[in-house]
Amino acid sequence: MMSPSSMQSVDQHGDADAGHDRGAGARDRDRRATPRGRAPHRHGAGWRRARRGRREALRFAWVVVLSTACSLHHPSPTFRTSTNFIGAISPFPVLDSTGHTFALPFLGGFEHPRPQLLDIDGDGVLDLFIQENSGELELFQRGPDSWLLTSDSFQNIDIGEWYRFVDVDGDGLYDLFAESPLSDIRYYRNVGTRTAPRFVVAADTLKDVQGAAIYADRQNIAQFADIDCNGRLDMLLGRVDGTITRYEMAGLDSNRAPRFRLITEKFEDIQIIGQRQPSMHGANTMAVFDVDGDGNPDILWGDFFEPGLLWIRNQGTCAHFDFHGERIPFPPGTPLETSGYNAPAAGDLNRDGRLDLVVGVLGGAFNPVKTSTANLYELDQTAPGSWTVTTTHLLDAIDLGAETIPAFGDLDGDGDFDLVVGTKIEPDNPRSGGIYWFENIGSRTGPRLQLRGHLTVLPAFHNAPALGDLDGDGLPDLVVGQFQDAVAWYHNSGKSGAERFVLVDSALVRLPRGSNAVPELYDIDHDGDLDLFLGDAAGRIAFFRNEGSKQAPRFVMVSDDYLGKRVGRRAVPRFLNNVLIVGTEQGGRDSSLGVRLPPYAAPAFADLRGTGKPDLFVGGAGGGIFYFTKLSLPP
């Protein structure tokens, strides 16, 4: 998963609304796209916006498309409010390419996980909190064999851009600090019990002893610890210039919210300068704990411009600290090296009495693509001062990189649905996205998916697959959109393996304008052949009618703006029983579906379990897939 900063330069082009140079492939057939200069017919439909405060935006546009939709008449939009889905992490077995069964297959993947370890429910076992999206906090707890997701929005607490649990008032209960809008700090007091925590806002804006609001850079993650062992909690705020501001707690106010006194704006003269030249500073976070077991708190520092972690060793004592020594790459001798901005969290994971680490890779200045899947590390302290990376994928789930787009079809003609997934960019090949294939090795009613690797297609970024029989041989062919405007067609040869699909036309059609073509094949006019719809980066849907036949398609553009409105950036069109559903880049809870959707939502529907009710699969920014089963609600 790529960090926001690393995606910026790509997305400036990927979301561009201008044409691109178009080279012809040697194997191309004649171009079937309608010339760009032709004025399109417009076919309107409805769209709907769902909001939850300022963080909500459009996710899916629900439009009932009538059989007259291909005429010049504008059908009346109908919105369904009784279609709801419920999510499941492991509804059926999914295996990786080695035959290992994923513990959490449909977790959805991570792009920039921010972890913390603590025992939130008093059962004596560490729990794992992870923030992946703004304002949302996930809770994972230990199961017999793996971590289990027990809440995807812990107590519906809005944590803004960062969070930290800490016992502020010494009552044995974890309280919570979080980012408040505009880089203020919000404080939640725990008014529950050790086994049943309950959080209420005690201070919407944390203030110092002078009554002034305390500012914390929202891209940084604050840290709280008793750094000088005097029984008073310290707050350490990393600044974008690489320095640390230290506050010390000075009692509670009338709402039992803490007040802090500013101690210094340059704690111990620490100023972290990144490895890039010229000298650079950036977003940062830290963990405070006794790294070397000498009884004194040390600091582990993660920074946007630092590919690993820096150990700022306390050379003094607990009461009289000294952090003026060398900044040591951690672990010493075999330092961690990722794409940068590493967020460490300490805790005894294996109950051997030694602290271990979970490290989330948020992605910094060192090619975030390479850690788009390997971004949640576990480092075990196997002996005092000896640290070993035990996994780069702490949570065992499908994660193929970034911005996944799923599609389903019976690729091998065995009577059950297989899964094809396109990605934005490959972790081990930054020159192209990928197309992955999961074979259904189960049955029509008992699915069992196994990753078979890549399908061979032309190199391109933002691969977006759709499946449908274009040549009448009974096997679904593959249509692939990409970052640029060309949409390729691959014939299903029936052969097994990566070479199953053979290129027929590298530009079956082209986007009439814009970029990031996402195709959908659907017989909208009920004439027995598949028509083609294309979503684009700006939120338009283009419609191409198939004026050929079931055996020989010929797509002619009818409209470059089928809905007459932009339904949300990075449109992903899908049809379900004459209902057009459009995924967009905005995430959050969708009231029509009753589910929480990821950023860059890419829906697909398939009845994998043979129930007669298609389930919902959603790709997204995190590089994984979410699964939802349909609920039958009374009308």
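Is Ser 151 buried or exposed in this predicted model? At 17% relative accessibility, Ser 151 counts as buried, because the cut-off for that class is under 20%. The close-up views below take this residue and several other sites in turn.

**View 1**
A polar atom of the Ser 151 side chain lies 3.3 Å from the backbone nitrogen of Ser 153. With neighbours within four places in sequence left aside, the residues in contact with Ser 151 are Leu 137, Glu 138 and Leu 139.

Strand 6 (residues 127-131) and strand 7 (residues 138-142) run antiparallel and are joined by three bridges. Glu 138 in strand 7 is the bridge partner of Ile 130.

**View 1. Strand 11 and its pairing with strand 10 and strand 12.**
Strand 11 is largely enclosed by the rest of the structure, since six of its seven residues are buried. Five bridges pair strand 11 with strand 10 (residues 175-180) in the antiparallel sense. Ser 180 faces Asp 184 of strand 11 across this pairing. The hairpin of strand 10 and strand 11 has three residues between the strands, and in this hairpin Leu 182 takes a positive phi near 70°. Strand 11 also pairs with strand 12 in the antiparallel sense, over four bridges. Here Asn 190 stands opposite Phe 199, a residue of strand 12.

**View 2. Gly 172 in the loop between strand 9 and strand 10.**
Gly 172 belongs to the loop that connects strand 9 (163-166) to strand 10. Its relative accessibility is 38%, so Gly 172 counts as partly exposed. Apart from residues up to four places away in sequence, Gly 172 touches Asp 167 and Arg 194. Thr 193 is 21 residues from Gly 172 along the chain, and the C-alpha atoms of the two are separated by 9.0 Å.

**View 3. The largest nonpolar core, with Phe 224 among its most connected residues.**
This core has 29 residues, and those with the most contacts inside it are Phe 177, Phe 224, Met 235 and Phe 260. Two or more residues each come from strand 11 (184-190), strand 12 (199-203), strand 14 (234-238) and strand 15 (244-252). Neighbours within four places in sequence aside, Phe 224 is in contact with Trp 162, Arg 164, Val 166, Phe 177, Leu 233, Asp 234, Met 235 and Phe 260. A second, separate core has 19 residues, including Phe 438, Leu 449, Ala 606 and Leu 608.

**View 4. Residues 1-62 and 64-82, where pLDDT is under 50.**
The protein has a mean pLDDT of 86, and 84% of its residues reach 70 or more. Over residues 1-62 the pLDDT stays under 50, and the model has 199 contacts beyond four places in sequence for this stretch. Residues 64-82 also have pLDDT below 50, with 38 contacts in the model beyond near neighbours in sequence.

Terms used. Residues numbered from 1 in each chain as written. Predicted model: local features only at pLDDT ≥ 70, side-chain atom pairs only at ≥ 80, totals over all residues. Heavy atoms only, no water. Core = buried A, V, L, I, M, F, W, Y, C linked by side-chain atoms within 4.5 Å. Buried < 20%, exposed > 50% of the residue type's maximum accessible area, 1.4 Å probe, protein only. Contact = heavy atoms within 4.5 Å. Pairing = 2+ DSSP bridges. Polar contact = N/O pair within 3.5 Å; in protein donor to acceptor, adjacent residues only side chain to side chain. pLDDT = per-residue confidence, 0-100.
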